[in-house]
Each structure stands twice: as structure tokens, then as C-alpha cells.
Amino acid sequence: MKKISNGWLATIVIALVIIIDQVLKIWVKTHFYYGEDYEITSWFKLQFIENNGMAFGMELGSKVFLTWFRIIAVALFIYYLCKLRVRTDIPKGYIVCISMITAGALGNVIDCIFYGTIFNAPPYPEIAQLFPPEGGYQTLFNGRVVDMLYFPLCEWNWPAWMPVVGGNHFIFFQPIFNIADASLSVSVVVLILFYSKYLASPDKKADDAEVVDDNTTETE
């Protein structure tokens with residue numbers, strides 16, 4: 001059986017992540033009012049929120065700057081994947097990780113570019129409409145990122161005698177995120193843990209391998 005090429009593997013991974021991410025976002029956006037939550041288990045909920053910032057609701061710089069930063073990052077990762085598609089010395093797991101990072105960034109780019117123009121933002125408790133006749137809630141490149149995955153794994157009240165946090169209610173894990181965030185974050189962790197040696201300079205590793213092969217040939 002013929003092995004799948006790096007190029008096709010990257011294409012399939014990116015397409016799957018984007019499709020799953022966007023289908024879930026559009027479903028939540030058109031079925032939940034803002035802030036609504038649905039409990040699946042005591043430690044896993046769907047809760048619809050939106051943010052203007054980066055992964056897990058963080059804020060950094062202006063909205064337009066963030067959008068263009070994501071677009072440039074996606075373009076660079078796609079260019080990098082194009083270079084990797086002909087490499088035979090790179091493990092498939094590395095290709096999957098880079099593809100998932102690319103897909104994660106691209107998933108949120110789609111929200112930022114288009115969601116402001118294709119959705120409205122009705123008042124609570126109305127639900128947003130896709131392609132509303134009156135137009136979207138914002139201009140192109142100014143859409144908000146949709147988040148919904150919430151994992152409050154455990155919670156407790158800190159004892160009153162503890163400094164700073166005493167008496168406060170604590171929830172672990174509080175960030176609400178989406179499939180694109182998860183794809184990007186998980187792949188970065190796996191990349192660092194298992195494929196960090198390929199991050200240093202994969203091209204140099206290939207050049208070194210060619211030098212070794214040339215020296216071996218000359219010796220023979």
C-alpha cells in the first residue's frame with residue numbers, strides 16, 4: 001500500500017480540524033444565546049462566549065493587528081509545510097503537529113475575518129442569525145472568535161485564613177476555548193515533548209545527512 005505523502009497528510013489534517021471547528025462554532029452561534037451553557041457532565045460544559053483576543057480569551061493589542069498577525073502566521077506555516085512536503089526524513093507526527101498548529105491559527109482567522117459580516121448580534125436572550133438581512137454586527141476583519149468548550153474539572157473555597165486568596169471560590173480549569181485553540185495548544189505541547197529536535201534546523205539535519213552519504217560514497 002502506498003504511503004500518504006506529507007502534502008496530502010497536511011491537507012487532510014488541516015481540512016478536518018477546520019471543518020470540525022467551524023461546524024461546532026456555527027452550530028453554537030445559531031443555537032445558543034450569548035452566555036448560555038449546556039451541561040454534558042459535571043466537569044464538561046458547552047458555554048457560548050466570544051472574545052476579541054487570542055487563544056483562551058486572552059487580549060493582546062488591537063483587533064486588526066491580531067487578525068493580520070494570525071494571517072501572516074498562517075501564511076508562514078503553510079509555506080513551511082510546502083517545504084516539508086518533499087522531505088522523506090521528517091516523521092509523520094511532526095507533519096501532523098505543524099498542520100494542527102496551522103489549522104488552529106486558521107480556524108480563528110476565519111472568525112475574525114468573516115463572522116462580523118455573516119452574523120448579527122441580537123440582545124439577550126435572542127439567538128444570532130446566519131446571513132441576517134440587515135447585515136452583520138461588524139465590518140470585515142473585525143469579527144469575534146467563538147468559544148464554547150468549558151472544563152471546570154474541580155472547584156473549592158479557599159480557607160479564610162489563607163493570605164490573598166482566603167475565602168475566594170476557585171475553579172480549575174476556567175478558560176473557555178474552541179477546537180482551533182485545542183488543536184494549536186495540544187500540537188505545540190506534543191511538538192516540544194517529542195519532536196523538538198526537528199525544530200532547531202530540519203534543513204541543516206538534511207544537509208548533514210547528505211554530507212554523510214557523500215563521505216560514505218567517497219570512502220567506498
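**Figure 1. Trp8 and the nonpolar surface of helix α1 in the predicted model.** Trp8 is exposed, its relative accessible area being 58%. This residue belongs to helix α1, and the model shown here is a predicted one. Together with Ile4, Ile12, Leu16 and Ile20, Trp8 makes a nonpolar surface patch of about 510 Å². Helix α1 spans residues 6-31 and has the highest confidence in the chain, with a mean pLDDT of 97.

Figure 2. Helix α3 covers residues 92-118 and includes Ala103. With a relative accessibility of 0%, Ala103 counts as buried. Beyond its neighbours within four places in sequence, Ala103 is in contact with Ile14, Val17 and Ile18. Although Ala103 and Val17 are 86 residues apart along the chain, their C-alpha atoms are separated by 6.1 Å.

**Figure 3. Strand β2 and its pairing partners.** Strand β2, formed by residues 44-51, is largely enclosed by the rest of the structure, because 6 of its 8 residues are buried. Strand β1 (residues 37-41) pairs with β2 in the antiparallel sense over 4 bridges. Tyr38 has Leu46 in β2 as its bridge partner, and a hairpin of 2 residues joins β1 to β2. Strand β3 (residues 145-150) also runs antiparallel to β2, to which 5 bridges join it. In this second pairing, Ile49 has Asp147 in β3 as its bridge partner.

**Figure 4. The salt bridge between Glu50 and Lys29.** The side chains of Glu50 and Lys29 meet in a salt bridge with an N to O distance of 2.4 Å. Glu50 lies in strand β2 and Lys29 in helix α1, so this pair ties together parts that are 21 residues apart in sequence. Glu50 counts as buried at 11% relative accessibility. Lys29 is likewise buried, with a relative accessible area of 2%. Side chains of opposite charge can pair when their charged atoms come close.

**Figure 5. The salt bridge between Asp21 and Lys25 within helix α1.** A salt bridge of 2.9 Å, N to O, links the side chains of Asp21 and Lys25. These residues are separated by about one helical turn, because they are 4 residues apart in helix α1. Both Asp21 and Lys25 are buried.

Figure 6. The structure holds 5 salt bridges, including one in which the side chains of Arg87 and Asp89 meet at 2.7 Å, N to O. Arg87 counts as buried, with 12% relative accessibility, whereas Asp89 counts as partly exposed at 35%. Elsewhere, salt bridges that share partners join Asp21, Lys25 and Asp111 into one network.

Figure 7. The mean pLDDT of the chain is 87, and 85% of its residues reach 70 or more. Confidence is lowest in helix α6 (residues 202-219), where the mean is 46. Over residues 205-220, pLDDT stays under 50, and the model has 4 contacts beyond four places in sequence for this segment. Where pLDDT is low, the predicted coordinates should not be read in detail.

Notes: Residues are numbered from 1 along each chain as its sequence is written. This is a predicted model: local features need pLDDT of at least 70, side-chain atom pairs count only at pLDDT 80 or more; totals for chains, interfaces and linings use all residues. Side-chain values use heavy atoms; hydrogens and water are left out. pLDDT is the predictor's confidence in each residue, from 0 to 100. Contact means heavy atoms within 4.5 Å. Patches are made of residues with over 30% relative accessible area and no salt bridge: like charges are joined within 9 Å, nonpolar side chains (Val, Leu, Ile, Met, Phe, Trp, Tyr) within 5 Å. Accessible areas come from the Shrake-Rupley method with a 1.4 Å probe; for residues, only the protein chains shown count as cover. A salt bridge is a side-chain nitrogen of Lys or Arg within 4 Å of a carboxyl oxygen of Asp or Glu. Buried means under 20% relative accessible area, exposed over 50%, partly exposed in between (1.4 Å probe, protein chains only). Two strands pair if DSSP finds at least two bridges between them.
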